[in-house]
Amino acid sequence: MRSRASLFVSLCAIAVCVRLGASDLTVTRTYVTVMGFSWANCGAPDAPAMMKSLEVSPDPITIPGDLSASASGYTKVELSSPLQVNLTVEKEVAGFWVKVPCVDDLGSCDYDDVCALLDQLIPPGQDCPEPLHTYALPCHCPFKAGQYTLPKSDFYLPNVDLPFWLTNGNYQVEAKIGSQGKEFGCLKVEFALHSA
Ligand SMILES: *[C@@H]1O[C@H](CO)[C@@H](O)[C@H](O)[C@H]1NC(C)=O
């Protein structure tokens with residue numbers, strides 16, 4: 001489902017990571033590698049928001065380092081405030097998936113309105129960050145119904161301090177997006193994290 005919805009989720013997740021980088025619940029590491037990234041839609045088969053493609057390279061991804069990504073998806077409903085995103089982060093521990101709690105806005109957290117979060121991160125009226133600006137992709141609510149495509153784009157991933165619980169291992173992150181009791185879509189990603 002690389003719909004606007006999930007693009008949203010990613011942007012918010014990154015933003016939250018960056019913000020948390022300043023907190024004292026972090027550990028500085030030299031390099032982090034992310035391996036075996038995979039994704040799937042996890043909502044109803046007829047969910048209004050779906051990711052159609054999502055490609056990330058290289059494998060493994062190194063942080064800090066360069067990342068290439070392309071994505072496309074659609075939403076059949078307008079995504080407007082209040083737009084909820086509920087994240088469930090699970091880590092594999094001794095063969096079991098264990099839910100990571102929400103600590104300091106990171107982990108398995110429910111966000112009541114990502115529209116408001118986006119307005120805080122990117123002042124309305126300002127150009128959207130690249131590569132969104134180049135492809136005329138929006139970064140504020142409301143996101144109109146339609147198809148959204150991000151052609152293959154290069155990103156530099158800067159060194160960020162990770163939260164203390166983000167240790168080596170396999171992770172699953174499920175992001176549900178919805179509003180006022182309705183679920184619009186769900187995206188699940190899996191990856192393995194290793195830091196040195
Ligand atoms: C998110 O979780 C809240 C409860 O914390 C629930 O009321 C809401 O329906 C959930 N939204 C989605 C999109 O899953």
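Which element gives the largest share of the shell around the ligand? Strand β11 does, with three residues.

This is a predicted model, in which local features need pLDDT of at least 70, side-chain atom pairs count only at pLDDT 80 or more, and totals for chains, interfaces and linings use all residues. Residues are numbered from 1 along each chain as its sequence is written, and side-chain values use heavy atoms, with hydrogens and water left out.

**Figure 1. Overview of the chain.** The chain holds two helices and 12 strands. Helices (H or I, at least four residues) and strands (E, at least two) are DSSP runs, numbered from the N terminus. The order of elements from the N terminus is α-β-β-β-β-β-β-β-β-α-β-β-β-β. Of the 196 residues in the chain, 43% are buried. Buried means under 20% relative accessible area, exposed means over 50%, and partly exposed lies in between (1.4 Å probe, protein chains only).

**Figure 2. The shell around the ligand.** Q84, N86, D110, K176, I177 and G178 surround the ligand. By class, the shell has one nonpolar, three polar and two charged residues. Here Ala, Val, Leu, Ile, Met, Phe, Trp, Tyr, Cys and Pro count as nonpolar, Asp, Glu, Lys and Arg as charged, and the others, Gly among them, as polar.

Figure 3. Q84 places a polar side-chain atom 3.0 Å from a nitrogen atom of the ligand. For N86, a side-chain N or O atom is 2.3 Å from an oxygen atom of the ligand. D110 has a polar side-chain atom 2.7 Å from an oxygen atom of the ligand. The ligand taken alone exposes 360 Å², and the protein buries 56% of that. Accessible areas come from the Shrake-Rupley method with a 1.4 Å probe; for residues, only the protein chains shown count as cover.

Figure 4. How many salt bridges does the structure hold? There are two. A salt bridge is a side-chain nitrogen of Lys or Arg within 4 Å of a carboxyl oxygen of Asp or Glu. K176 pairs with E174, the closest N and O atoms being 3.8 Å apart. K176 also pairs with E183, at 3.5 Å from N to O. K176 counts as partly exposed because its relative accessibility is 31%. E183 is partly exposed too, at 41%. K176 is also one of the residues that surround the ligand.

**Figure 5. C186 in strand β12.** C186 sits in strand β12 (residues 182-195). Is C186 buried or exposed? C186 is buried, because its relative accessible area is 1%. The C-alpha atoms of C186 and E174 are 7.0 Å apart. Along the chain, these two residues are 12 residues apart.

**Figure 6. A nonpolar surface patch.** V93, F96 and V98 form a nonpolar patch on the surface. Together they have about 290 Å² of accessible area. Patches are made of residues with over 30% relative accessible area and no salt bridge: like charges are joined within 9 Å, nonpolar side chains (Val, Leu, Ile, Met, Phe, Trp, Tyr) within 5 Å. F96 lies in strand β7 (residues 96-100). F96 counts as exposed because its relative accessibility is 62%.

**Figure 7. Backbone exceptions.** Most residues other than glycine have a negative phi, and most peptide bonds are trans. The bond from D59 to P60 is cis, with omega near 5°. P60 lies in the loop between β3 (49-57) and β4 (61-63). S81 and P82 are also joined by a cis peptide bond, with omega about -5°. P82 is in the loop between β5 (65-75) and β6. A94, in the loop between β6 and β7, has a positive phi near 50°. A94 is exposed, at 74% relative accessibility. A136 has a positive phi of about 55°. A136 lies in the loop between α2 (114-121) and β9 (146-157). A136 is exposed, at 67% relative accessibility.

Note on methods
Near = heavy atom within 4 Å. Polar contact = N/O pair within 3.5 Å; in protein donor to acceptor, adjacent residues only side chain to side chain.
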